[in-house]
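Student: Could we go through this one together? I'd like to start with how its parts meet.

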Amino acid sequence: MSTSRNAYALPMHQQVSEMLIREIAAGRMIEGEKLPPERDMAADLGIAVGTLRKALGDLERRGLLSRIQGSGNYVRSQPDVASVYSMFRLELLEGGGLPTARVLSVDRLAKPMDLPVFGSSGEAHRIRRLRSLGGKPAALEEIWLDGSRAETVAIEELSDSLYLYYRKALGIWILRAEDRVGVGQVPGWALPEFGLAPGAAAGFIERTGWMQDGASAEFSRTWFDHGVARYVARLR
């Protein structure tokens, strides 16, 4: 589990509940499945039993778990459960995987000519990250946040969920996004641990995000290792 801490990071119990939500959504934990005993499950995850119980309580409140006294905890599958990572579409090939992020750089720059039109400023904050799923390096992200939305973005304040940071620190809710998925070339700034060399073919996502007031706020590019992850959109 991730141990990074800052004012906008997810508490450990919420990291666990978000991981389990993704496992259930991916079908890796099925309706009626009995979870292992809490002490065994906590040991496997490397967390305290009390932390696990908070996470399971969160799942129960969301209708994803039945806790039967004297029997155990049982999975309940529910469509469209609200999640911090509801708009994050990459999963491990086998499904699920808790997303974590390593921020590589944050710079305020003039918007390059190759970006689509978004936001009202001529500048944007460029955030580059290495994204992992279940601890496996899976994707490179380059996010451009319109400069009118924040004067500065501090690298030490960014959390694994950028949208959570937007909400808590900047008062921005990304309520709608358009993804265009195809194939692209890994950028030159890719790290060796990503697994694909610069110039290699990779899965490629371009996303434009719109805020609660209907204005566009960000544009992002994601290159993902198709040997580790896949893009998944579930229609209910």
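**Where the domains meet**

Tutor: Across the interface of domain 1 and domain 2 the rule finds zero salt bridges, a salt bridge being a side-chain nitrogen of Lys or Arg within 4 Å of a carboxyl oxygen of Asp or Glu. This is a predicted model, in which local features need pLDDT of at least 70 and side-chain atom pairs count only at pLDDT 80 or more, while totals for chains, interfaces and linings use all residues. Residues are numbered from 1 along each chain as its sequence is written, and side-chain values use heavy atoms, with hydrogens and water left out.

Student: Which residues does each domain cover?

Tutor: Domain 1 is 12–75 and domain 2 is 90–231, with bounds from an automatic or database domain assignment.

Student: How much area is buried between domain 1 and domain 2?

Tutor: About 620 Å² is buried there, 53% of it from carbon and sulfur atoms; buried area is the accessible area (1.4 Å probe) that two parts lose on being put together, summed over both. Of the area that domain 1 buries against domain 2, Gln15, Arg22 and Arg28 supply 68%, more than any other three residues.

Student: And how many residues are in contact?

Tutor: Seven residues of domain 1 are in contact with nine of domain 2, where contact means heavy atoms within 4.5 Å.

Student: Switching topic, what does UniProt annotate for residues 10–78?

Tutor: The unreviewed UniProt entry gives "domain: HTH gntR-type" for residues 10–78, and such annotations may be inferred rather than shown by experiment.
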